Amino acid sequence: MTWRRIGLWFLAILLVALIAGALLARQAWHDWRQSNGVETLDWQGFDLAPTDLLLGRITLVQEMPDRRLLVTGEGVHMEWSWHWGGPGIDSLAIDKLHVELAAPATPDEAPRKQAVIPAPAAFSGPPPFWLPQQLRIGGFTAELPCRAGRCELEGSFSVSRESSLVPAEARLDLKRQGHRLELAARLGGKLPEQLTLDGEVLIDGAPHLVVESVYGRAGAQIDWSGRVNMQALPNADWLLDWLAEWQAIPFREELPVQPETGTAQASWQLQGPAADFYSRVSGSLTARAQLPEAWPLPGVGTVRGDMEVSVHAREGTWLTEAATADLELSQPAGWAHILPPDVRPETLEISIRPAEPLKVADELVGSGKEKGEQHFLPLMLDLKSRGRGSAEIRSHVAVSTSPPWVAHLGDTRIRAKLPGKETGDWVFSDLSVDLSVAGRADHESLYLDFSDGSVLNIAQVTPTGPDNATGVERLLADLSQLNLTAAFGNASESLQARLRGPLEISAERIDHPLLHAQPWGFDGDLEMDASRLKLVGVLASDAGARISASIDHTFGGALVADVSLEASGEKGSEALSGTLTSWPPELTVSEGTLAIPVNLKMSTGEGLAVDGRLKLENISGIYDRMALNGLEGEVEFHVREEGLTIDAPLIRLEEVNPGIPIGPATAGVKYTAAAGAWAEGRLELLGANAEFLGGEVWVAPNSWDLDNSPWTIPLVVDNLELSRLMTLYPAENLSGTGKLSGQVPVLIAPGTGVRIEGGELVAHDPGGVLKLPADRLRGISQDNQALELVARAVENFHYSVLDSRVQYDQDGTLHLDLHIEGRNPEVQGGRPIVLNIDLEEDIPALLTSLQLSGRVNEAITRKVRKLLEDDGAPGGVETRLDPGTETDQGNLGASEAR
């Protein structure tokens with residue numbers, strides 16, 4: 001075979017190979033476009049040289065099931081070169097680049113996978129041949145899916161490196177509505193053992209953030225150190241708005257305009273195994289921040305001040321070593337709304353300093369030792385709150401440095417002032433608290449024990465209703481034995497707190513229409529939360545009255561109170577007299593028991609309801625100048641919005657003695673009155689009777705309207721013994737027999753007193769005997785024979801008829817018009833004689849005489865003598881007897897004497 005033939009065959013084979021290669025390349029190109037969804041790949045201005053490529057314009061359209069991509073480049077220039085290891089791209093420059101990506105945006109509410117941070121990996125091997133050593137994009141625009149729908153990016157990008165991956169430099173410049181965001185980074189070191197990173201962030205040409213990092217790897221161990229320095233906080237409102245288009249930012253609406261001053265620094269030194277670096281890392285981290293102006297923190301508020309925190313890690317466990325802070329927080333976020341408005345802060349000043357270990361339950365926490373599985377950091381915390389009120393807290397605390405978060409409180413002092421608080425129907429003015437507490441707090445609950453010196457001081461308590469006569473001044477509560485528990489919900493829930501334990505309260509003065517103004521005290525137990533107050537204990541006045549009380553008050557709702565007042569003997573009487581304004585000053589109790597249990601209910605919809613009883617057991621004592629013995633009974637009273645009801649079905653008095661013993665006596669009454677007219681109601685007498693001078697006086701059931709005076713009480717006298725009546729007079733040798741009955745209308749009117757009009761008393765058949773001393777009549781009879789006869793007759797006058805008309809004046813004068821018919825067997829042979837006598841008696845003087853005579857008791861005698869000495873009035877009484885006409889029924893004629 002000749003060389004010519006061989007050459008022809010070679011050319012034929014080469015031609016076939018070229019044709020086959022072209023067919024294969026064409027098929028491969030078609031398969032690549034189909035597998036990558038490339039619908040269009042066009043270029044213009046193609047110019048190929050041995051070491052570079054120029055394209056005037058290139059367009060790529062990619063259609064995939066989940067996206068559509070359009071890339072347009074202008075002014076594309078790529079240079080390459082050949083090396084021993086093969087070809088490599090030296091540079092790639094694009095004057096203009098436009099990218100459009102159409103893909104569904106991830107909605108905010110869609111669940112997101114938690115980001116997984118890979119451990120730093122070792123860098124080794126040469127870079128891939130297609131990675132340019134220099135890449136420059138003069139200007140790019142990109143339309144991408146975002147949270148707002150479609151968003152646009154505009155900027156430039158460049159990166160350069162040596163033949164290996166490091167050293168390398170990159171720069172990204174983004175533009176947004178006249179603002180610029182620049183990111184610059186420099187990689188250095190020696191791969192694969194070490195990698196360094198220096199970077200900075202510039203906003204509108206000013207540097208704001210500098211990052212330095214050194215990464216090293218020796219075998220299976222990684223060392224990583226670095227620092228971050230934020231030289232000035234940017235005014236990043238526009239940046240936050242821009243970021244918010246791509247990613248939802250919590251609390252964005254709560255953030256105020258951000259400041260332009262402030263610095264922050266952080267540094268770290270970490271070591272760990274390459275296989276499990278983050279979960280087994282060890283080392284330290286320190287962070288500092290200086291905020292001369294308020295800086296917004298999402299979920300917290302705006303903060304300014306200085307702070308520094310140092311933490312260290314040990315085998316993946318992070319522990320706080322130290323913390324120092326001087327911060328001022330204002331415009332607090334939603335967390336503050338779990339607190340009641342009156343104590344909700346508008347600003348908070350926080351100071352934190354390192355402290356000595358705290359002793360909790362005989363164990364030091366924060367001393368480097370572990371309490372269970374937790375570590376604690378001891379701190380001294382000073383906090384000042386300003387809002388409607390003010391508060392200051394100074395506390396020695398130990399805070400856990402890892403979850404679950406716990407804080408132990410050692411010696412803690414809390415001082416707070418509130419200008420005023422309206423709760424229910426009461427206004428509390430100038431509240432202040434001074435508390436010494438210790439306890440424990442975590443993210444769910446709080447427990448505090450109060451100690452000595454814990455007090456609540458309220459300057460004044462006044463009602464909001466029309467009863468402005470009620471009030472309390474200088475209320476002081478001793479809280480030293482209380483404890484507080486609280487449960488925290490989220491920001492939309494209220495704080496659930498409970499205060500309970502023994503409680504002592506004192507008031508410098510309590511004013512009420514029913515009470516004498518004086519100091520009061522309370523000793524009992526308290527249970528209180530945000531909606532309810534419950535008190536059980538004993539309330540005592542300075543005068544000595546003791547009231548058992550149980551009060552249950554739902555704030556803004558019902559108030560239920562059970563109170564019971566009890567007093568015994570003279571000491572109890574003095575205590576009630578010095579406490580209750582309604583206690584009669586003339587009444588003194590020497591023995592017996594008085595009890596008043598009362599139930600009170602008050603609510604917004606139903607108003608006031610009071611139900612009570614007055615229980616009297618064997619009460620004896622003195623009322624004015626009357627002796628009382630054996631008073632017993634029960635009085636029920638009820639108060640409603642419509643009025644007052646008093647019911648006393650049976651009151652019994654063994655004896656009342658104003659100088660004339662009366663009793664036993666019984667009575668039953670019922671009283672009703674409309675609201676606002678307590679003294680103008682209707683009094684219903686169920687019946688009343690009493691033993692009197694051997695007989696009985698009684699009043700039949702009746703009723704009176706107290707707004708229509710005078711009130712007439714028809715008093716019935718039955719079987720009154722004349723012999724006992726005669727013993728009341730201080731005159732000697734005065735006696736009589738017989739019984740009297742009749743009716744005595746008693747008229748009572750406010751302001752005018754008691755009087756009697758039209759009373760009548762009549763002697764029972766067959767009459768009786770009257771023996772009157774005749775000395776005085778003989779002294780005034782002189783030569784009047786008729787009076788002489790009368791004087792002799794009344795010395796032993798046997799009467800068959802005796803009737804009288806009774807009248808009692810408001811000045812205390814009793815008028816008796818007596819008509820007596822009878823005889824004296826020793827005078828003129830017992831001839832009939834008729835006497836008409838007008839008798840006037842000063843009843844108060846008579847009673848005074850009887851009281852001075854010792855007929856009541858020594859206490860009343862002394863009291864009366866003292867009153868007479870103070871008034872300068874003489875003792876004794878004056879009685880005037882005016883005899884009327886004497887008639888001899890045996891035709892002796894008639895004679896008159898005056």
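Arg440 is partly exposed in this predicted model, with a relative accessible area of 36%. Side chains of opposite charge can pair when their charged atoms come close. Across the whole structure, a search finds 25 salt bridges.

Another of these pairs is Arg613 with Glu634, where the closest N and O atoms are 3.6 Å apart. Arg613 belongs to strand S34 (residues 607-623) and Glu634 to strand S35 (residues 626-640), so this bridge ties together parts that are 21 residues apart in sequence. Both ends are partly exposed: Arg613 has a relative accessible area of 33%, and Glu634 has a relative accessibility of 30%.

A salt bridge also joins Glu74 and Arg57, with 2.9 Å between the closest N and O atoms. Here the link is between distant parts of the chain, since Glu74 sits in strand S4 (residues 67-83) and Arg57 in strand S3 (residues 52-64), 17 residues apart. Glu74 is partly exposed at 32% relative accessible area, and Arg57 is partly exposed at 31%.

Salt bridges can also be joined into a network, as they are for Arg171, Asp173, Arg180 and Glu182. Helix H2 itself spans residues 237-246, and its buried residues are Asp237, Trp238, Leu239, Leu240, Trp242 and Ala244.

What remains is the nonpolar interior. In soluble globular proteins, nonpolar side chains tend to be buried together. The largest nonpolar core in this model has 42 residues, of which Leu565, Leu576, Trp583 and Leu594 touch the most other members. Once neighbours within four places in sequence are left aside, Leu565 is in contact with Ala545, Arg546, Ile547, Leu576, Leu580, Leu594, Ala595 and Ile596. Apart from this core lies another, of 41 residues, which includes Leu722, Leu772, Ile820 and Leu835.

How values were computed. Residues numbered from 1 in each chain as written. Predicted model: local features only at pLDDT ≥ 70, side-chain atom pairs only at ≥ 80, totals over all residues. Heavy atoms only, no water. Salt bridge = Lys/Arg side-chain N within 4 Å of Asp/Glu carboxyl O. Helix = DSSP H or I, 4+ residues; strand = E, 2+ residues; numbered from the N terminus. Buried < 20%, exposed > 50% of the residue type's maximum accessible area, 1.4 Å probe, protein only. Core = buried A, V, L, I, M, F, W, Y, C linked by side-chain atoms within 4.5 Å. Contact = heavy atoms within 4.5 Å.
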